[in-house]
Amino acid sequence: MKRRTFLKTVGAAAGGVAAGFHPAFADPADPTRRLISHASGMPRRVLGRTGQAVSIIGFPGLVLGKLTQEEANRAVRASYDQGVNYFDVAPAYGNGKAEVAMGPALEGLRDKIFLSCKTKKRDAKGAMEELEQSLRRLKTDHFELYQLHVMSTAAEVKETFGPGGAMETLLKAREQGKVRWLGFSAHTKEAALDCLRQFKFETVMYPVNFIEHFQHKFDPEVLALCRQSGAAVIAIKPISAGNWRPGEKRTRGNWWYRVLEEQGEISQAIRFALALDPVATAIPTSFVDLNEMSIVAGKAFRPATGTDLDAMRKLAEKYSPLFPRKPLYLGAVGPHTNYGALA
């Protein structure tokens with residue numbers, strides 16, 4: 001099966017040592033953390049073992065589920081023109097509307113971007129059907145990255161990696177050239193850790209957020225295991241302002257979590273997430289205006305300092321965590337298939 005040429009790493013490495021370097025952040029002198037300059041002004045980083053240079057701000061496909069096709073076309077083109085080359089989408093977004101809108105919006109851009117998709121199906125048959133549907137909707141014959149979507153419970157991990165599970169589909173699709181690299185997203189720490197122990201994934205999409213980090217250490221264990229396995233992290237919820245407080249009026253169409261609204265705070269939050277190792281890129285929240293503000297933050301990105309860390313710790317005190325402080329996950333899952341040998 002003939003496949004399009006995949007992206008090549010471009011640009012020259014550029015980096016620098018941050019004054020007042022704090023050990024909680026990745027060492028900016030580490031060559032694996034170097035930024036790659038781009039004519040657009042949007043820096044790029046190599047996405048772990050994929051070797052591909054992706055923009056440090058990615059496009060959140062979920063936003064397209066709320067737009068007309070014309071609006072979707074403008075949003076995608078505007079982000080691309082600002083240097084964004086990592087585009088994320090999933091069939092669950094807008095009940096498929098996001099994929100349907102992104103396909104035409106990427107016309108003329110497909111070979112110039114890194115396209116990532118996902119499946120929430122946990123069985124092999126369902127996952128293959130969803131993959132084929134996504135390929136049709138996105139008007140492409142392959143995805144650079146394909147992921148297990150929102151892994152959260154022990155039961156999901158057990159089914160996915162067991163006989164007849166979705167992992168069989170991901171490996172088969174990779175053999176067929178329909179996907180090149182494999183990853184997963186998770187909303188619980190325990191699921192993320194279990195998935196990382198099951199298979200040597202190229203990427204992990206995980207909430208990396210200053211509130212979750214400081215208030216209940218939601219990310220350190222996951223980031224550490226990602227470093228150990230060589231998996232790159234795609235940060236989600238980087239500009240979340242946490243959970244709504246009881247009785248608080250919800251904004252942005254009753255959105256399920258609060259978001260930062262000021263450019264200064266958004267830039268701080270993006271800087272924080274991108275400073276943690278091995279975070280390669282960050283996917284902002286699903287609103288066009290906040291995506292644009294996140295792009296501004298990405299273009300102004302600089303290595304974080306201890307002063308930045310202190311500022312984010314203080315800001316975190318104003319909010320309530322979005323994700324549970326206590327595990328809701330029942331037990332770790334042992335390996336079911338020797339997927340490690342197939343990584």
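Analyst: C117 has a relative accessibility of 0% and therefore counts as buried, a label that requires under 20% relative accessible area, whereas exposed requires over 50% and partly exposed lies in between (1.4 Å probe, protein chains only). This is a predicted model, in which local features need pLDDT of at least 70 and side-chain atom pairs count only at pLDDT 80 or more, while totals for chains, interfaces and linings use all residues. Residues are numbered from 1 along each chain as its sequence is written, and side-chain values use heavy atoms, with hydrogens and water left out.

Strands (E, at least two residues) and helices (H or I, at least four) are DSSP runs, numbered from the N terminus.

The neighbours of strand 7 come next. Strand 6 (residues 86-88) pairs with strand 7 in the parallel sense over three bridges, and L115 is the bridge partner of F87; two strands pair if DSSP finds at least two bridges between them. Strand 8 (residues 143-151) also pairs with strand 7 in the parallel sense, over four bridges, and here S116 stands opposite L145. In general, strands of a sheet pair through backbone hydrogen bonds, either parallel or antiparallel.

Seen as a whole, the open sheet has eight strands in the order 5-6-7-8-9-10-11-12, with parallel pairing. Strand 5 (59-60) and strand 12 are its edge strands, each pairing on one side only.

Two residues in this neighbourhood have backbone angles that deserve attention. Most residues other than glycine have a negative phi, and most peptide bonds are trans. N95, in the loop between strand 6 and helix 2, has a positive phi of about 55° although it is not a glycine, and N95 counts as exposed because its relative accessibility is 76%. V150, found in strand 8, has a phi near 55°, again a positive value in a residue other than glycine. Elsewhere in the chain, P278 lies in the loop between helix 9 (263-275) and strand 12 (279-283), and the peptide bond from D277 to P278 is cis, with omega near 10°.

C195 has a relative accessible area of 0%. As for cysteine pairing, the count comes to zero disulfides, a disulfide being a pair of cysteine sulfur atoms within 2.5 Å.

Rings of Phe, Tyr and Trp (its six-membered ring) pair if their centres lie within 6.5 Å, and planes under 30 degrees apart count as stacked, over 60 as edge-to-face and the rest as tilted. The count comes to 14 aromatic pairs. Y206 and F218 have ring centres 5.1 Å apart and planes at 15°, so this pair is stacked. Y206 belongs to strand 10 and F218 to the loop between helix 7 (210-216) and helix 8, 12 residues apart, and both Y206 and F218 are buried. F214 and F272 form a tilted pair, 5.5 Å centre to centre with 45° between the planes. F214 lies in helix 7 and F272 in helix 9, so this pair ties together parts that are 58 residues apart in sequence. Within it, F214 is partly exposed at 22% relative accessible area, whereas F272 is buried at 2%.
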